[in-house]
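Welcome! Please take a look at the model below, and we will walk through it together.

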Amino acid sequence: MRTSHVSALALGSLVLGSFIVGSPSLHASEPDPALERAIVRVTPQIVGIRHQIHQNPELGNREVETARLVAEHLRLLGLEVETGVALTGVVGVLRGGKPGPVVAVRADMDALPVTEQTDLPFKSTRRTDYLGQEVGVAHACGHDIHTSVALGVASVLASMRDKLPGTVKFLFQPAEEGPPPGEKGGAKLMFEEGVLDTDPKPEAIFGLHSFPDLEVGQLGYQEGPAMAAVDHFLIEIHGKQSHGAYPHLSVDPVVIAAQAVMALQTIRSRNLPALEPSVVTVGIVRGGERFNIIPGSVHLEGTVRTFRPEIREQVERRMREILDGVTRAAGGSFTMEYRSNAPATINDPELARRVRPGMERAVGADKVIEVEPTMAGEDFAYFAERIPGFYFRLGVVAAGAESGGLHTPTFRASDDAIPVGIRAMASVVLEYLGGEGR
Ligand SMILES: [Zn+2]
Ligand SMILES: [Zn+2]
């Protein structure tokens, strides 16, 4: 993700104002004063929860304290709560007093092995063990915001439960960034454990993500492709070792690897249509022990990003063909392990159009922005490929402030994004539950 530089934005009206309301009905086309009062009431508590989560970040599949805090909050609201879902996940069910559809709201809880370098008074100083190394831990992807916003949505909707036309199933998900090596986890495991199939069975799912490219008060979204499929490849190029002075006695895997890295870039430029989004990135090249020895093998590792399943298959096939050709031409060989992770996150276009009025009411039509898809990935995709899903972006950088990009030590989300996030997600849910087409 790129670092964002943000200009000033007048925010005074956002926290309290732009959701102008006037009817006791929860029908989406009519504003609701109860919602706004509830947001104002819960925001201080939710901001406090955000600080607590931010200051005590936990890595994927280790979200024990966070999950405890989440479960306690949901129980106090009177939701039906299930813990230990996909290891450390929490599911909370809020049944409205009126009949209506079942929808899911998903929030991710895990932090990253990043040492925070912000001036936030509640910044993380926590350290932990990650893959045998001591590292800092921080909410450098904003999942503290997502978790607290979803708790805020649960609070405000619970406060108007009697009028709520339907059921909301809150999914607090572990390990969005991927489980530790050798472990299962994340949205895939939650799905496999049946969260979309067990009663109450949601017919649509919503999620949001902090984005430093947007200012507090702005929402971004796409109709259709939103985030890319994320694959991970591990290649071994096998050659023949020799003295560095006698290359004719070797099959040099360094030269083969160099050719392979270059040739892999022709998939994007020469095998796929120019307008088809895709990325093949080699992120690791590792081989050799000494300057005057040609090594026996070289390790390449990297990622492929695509949107369409057929393109995903084509890229993997072309990688194998290219590696086969390049290594055989030099007298070497290769092995490749190709790990397909989350598929592309595709927003259901009809669902996006249906809930857009809710977003517009939450922040104002001019602050709801259709943005370009990104080649970053998101395991929300596992849910959205099963039932219609809508995943939108929440602006988190306050007026006059700056933030580093996602996953960087200087990523800095403002507390002011919390009431906006609660208002946006609650409005999206109410738009669906009370909107047309029920
Ligand atoms: Zn992330
Ligand atoms: Zn994230």
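The structure holds 3 cavities of 30 Å³ or more. On a 1 Å grid over the protein atoms alone, a cavity is a set of points where a 1.4 Å probe fits but cannot get out; the points are joined across faces, edges and corners, and a volume is the space filled by probe spheres set on them. This is a predicted model, where local features need pLDDT of at least 70, side-chain atom pairs count only at pLDDT 80 or more, and totals for chains, interfaces and linings use all residues. Residues are numbered from 1 along each chain as its sequence is written, chains are lettered from A and ligands numbered from 1 in the order in which they are written, and side-chain values use heavy atoms, leaving out hydrogens and water.

Let us visit the second largest cavity, with about 40 Å³ of space. Its lining (residues with an atom within 4 Å of a point) consists of Val-105, Arg-106, Ala-107, His-146, Val-149, Ala-150, Leu-208 and Met-425. Strand S3 (98-108) and helix H4 (143-159) each give two or more residues to this lining.

Now turn to helix H2 (residues 33-55) and helix H3 (residues 64-76), whose axes come within 11 Å and cross at roughly 160 degrees. The axes are lines fitted to C-alpha atoms over the stretch in contact, with angles running from 0 to 180 degrees between N-to-C directions. H2 is therefore roughly antiparallel to H3 (the term for angles over 145 degrees). In contact, meaning heavy atoms within 4.5 Å, Gln-45, Ile-46, Ile-49, Gln-52 and Ile-53 of H2 meet Thr-66, Leu-69 and His-73 of H3.

Technical notes. On a 1 Å grid over the protein atoms alone, a cavity is a set of points where a 1.4 Å probe fits but cannot get out, and a pocket is an open set with protein on both sides within 12 Å along at least five of seven lines; lining residues have an atom within 4 Å of a point. Helices (H or I, at least four residues) and strands (E, at least two) are DSSP runs, numbered from the N terminus. Angles under 35 degrees count as roughly parallel, over 145 as roughly antiparallel, 65 to 115 as roughly perpendicular and the rest as oblique.
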